[in-house]
Amino acid sequence: MNIAVCSVRQFCSSSTCFKKVPDRLKGRSKSSQEWLTRQMNDEYVLKAKMENYRARSAFKLIEIDDKHKFLKPGDVVVECGAAPGAWTQVCVKRINATGKVSSQLKGKHVAVDLQPMYPIEGAVILAPLDFTKSLSQTRITEILGGQLANAVLSDMAPAASGIRDLDQDRILELAYSVLRYAQQISMDGATLLIKLWAGGRIKQLENEIALHYSQVKVVKPPSSRQDSAEMFILASNFKKNT
Ligand SMILES: C[S@@+](CC[C@H](N)C(=O)[O-])C[C@H]1O[C@@H](n2cnc3c(N)ncnc32)[C@H](O)[C@@H]1O
């Protein structure tokens, strides 16, 4: 890595910090060069490394939950699109899924992803598995063993095709699949958190969610890049019999 002035800006003794530039950019596409340079200069990437999170995305869930406080010890959580596992790491701690804090209730966390995932203590990991398949959802329900969920989280995103409308349709399909499943397995008062990309038919989805949850908000945590279309729908207080 070629560092103009300092390697870790937080600990820099120099009065001026310059942007870090990765070494082996040659031969890479422009977008890959930009991505690498951005990753290297991103404070959340650095923070994730220091706090042992598998990805910077951990801070999105941390920031949303710090503000809206829906994850509690003892909760049952289903997480869709969990790889590499940063949200899972955050969640298992917050719901005490390992049971390590003996004074608190022990939670249950089921994480699903299309990609394989390394184990995370306290989480039941179903990967690789396509969440949208009904057999996959039956498996999750079996693992819940009759318990209903306090929260259903989805950070699922389709592999981007680069065609905006197509990608938008695909993420919406994933979101509808999460909503339908959440309706089956959520308890009264449960929370739903779904990642989306701004635009398209989001309002329609929001309206549909509002039929089943008494509060629906669009949230964008500070760690979600300002130049990205990413946003989250946070719905609270699920009304079971609607
Ligand atoms: C942004 S990543 C999730 C990052 C994760 N929240 C974390 O913090 O580590 C989106 C994930 O959605 C997964 N995904 C996309 N479609 C899926 C599907 N049909 N079933 C399960 N996972 C899916 C992808 O494989 C990808 O790992």
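Reader: What share of the 242 residues in the chain is buried?

Author: Buried residues make up 46% of the chain. Keep in mind that this is a predicted model.

Reader: What is the overall make-up of the chain in helices and strands?

Author: Seven helices and seven strands. Along the sequence the pattern reads α-α-α-β-α-β-β-α-β-α-β-α-β-β.

Reader: Why is Glu206 called buried?

Author: Its relative accessibility is 15%. Buried means under 20%. Glu206 falls under that cut-off, so it counts as buried.

Reader: Where does Glu206 sit, and which residues does it touch?

Author: Glu206 is in helix H7, residues 202-210. Beyond its neighbours within four places in sequence, Glu206 contacts Val216, Val218 and Ile233.

Reader: What makes strand S7 mostly covered?

Author: Seven of its nine residues are buried. The strand spans residues 230-238.

Reader: How do you know that S7 pairs with S5 and S6?

Author: Pairing takes at least two bridges. Six bridges join S5 (residues 186-197) to S7. Six bridges also join S6 (residues 213-219) to S7. Both counts meet the cut-off, so S7 pairs with S5 and with S6. S5 and S7 run antiparallel, and so do S6 and S7.

Reader: Which residues of S7 stand opposite Lys195 and Val216?

Author: Lys195 stands opposite Phe232. Val216 stands opposite Ala235.

Reader: Why is Asn237 called partly exposed?

Author: Asn237 has 40% relative accessibility. Buried is under 20% and exposed is over 50%. The value lies in between, so Asn237 counts as partly exposed. Asn237 belongs to strand S7. Its phi is near 60°, a positive value in a residue other than glycine.

Reader: Where is Lys69, and what is its phi?

Author: Lys69 lies in the loop between helix H3 (58-68) and S1. Its phi is positive, about 45°, although Lys69 is not a glycine.

Reader: Why are Lys69 and Lys106 called exposed?

Author: Exposed means over 50% relative accessible area. Lys69 has 62%, so it is exposed. Lys106 has 56%, so it is exposed too.

Reader: Which residues does Lys106 contact, and where does it lie?

Author: Lys106 is in the loop between helix H4 (86-94) and strand S2 (108-112). Leaving aside neighbours within four places in sequence, its contacts are Gly74, Ile95, Asn96, Ala97, Thr98 and Gly99.

Reader: Which residues are closest to the ligand?

Author: Ser57, Ala86, Asp113, Asp130 and Asp155. In total, 20 residues surround the ligand. By class, that shell has eleven nonpolar, five polar and four charged residues.

Reader: Which peptide bonds are cis?

Author: Among them are Ala83 to Pro84, with omega near 5°, and Ala127 to Pro128, with omega near 0°. Pro84 is in the loop between strand S1 (76-80) and H4. Pro128 is in the loop between strand S3 (123-126) and helix H5 (134-144).

Notes
Residues numbered from 1 in each chain as written. Predicted model: local features only at pLDDT ≥ 70, side-chain atom pairs only at ≥ 80, totals over all residues. Heavy atoms only, no water. Helix = DSSP H or I, 4+ residues; strand = E, 2+ residues; numbered from the N terminus. Buried < 20%, exposed > 50% of the residue type's maximum accessible area, 1.4 Å probe, protein only. Contact = heavy atoms within 4.5 Å. Near = heavy atom within 4 Å. Nonpolar A, V, L, I, M, F, W, Y, C, P; charged D, E, K, R; others polar.
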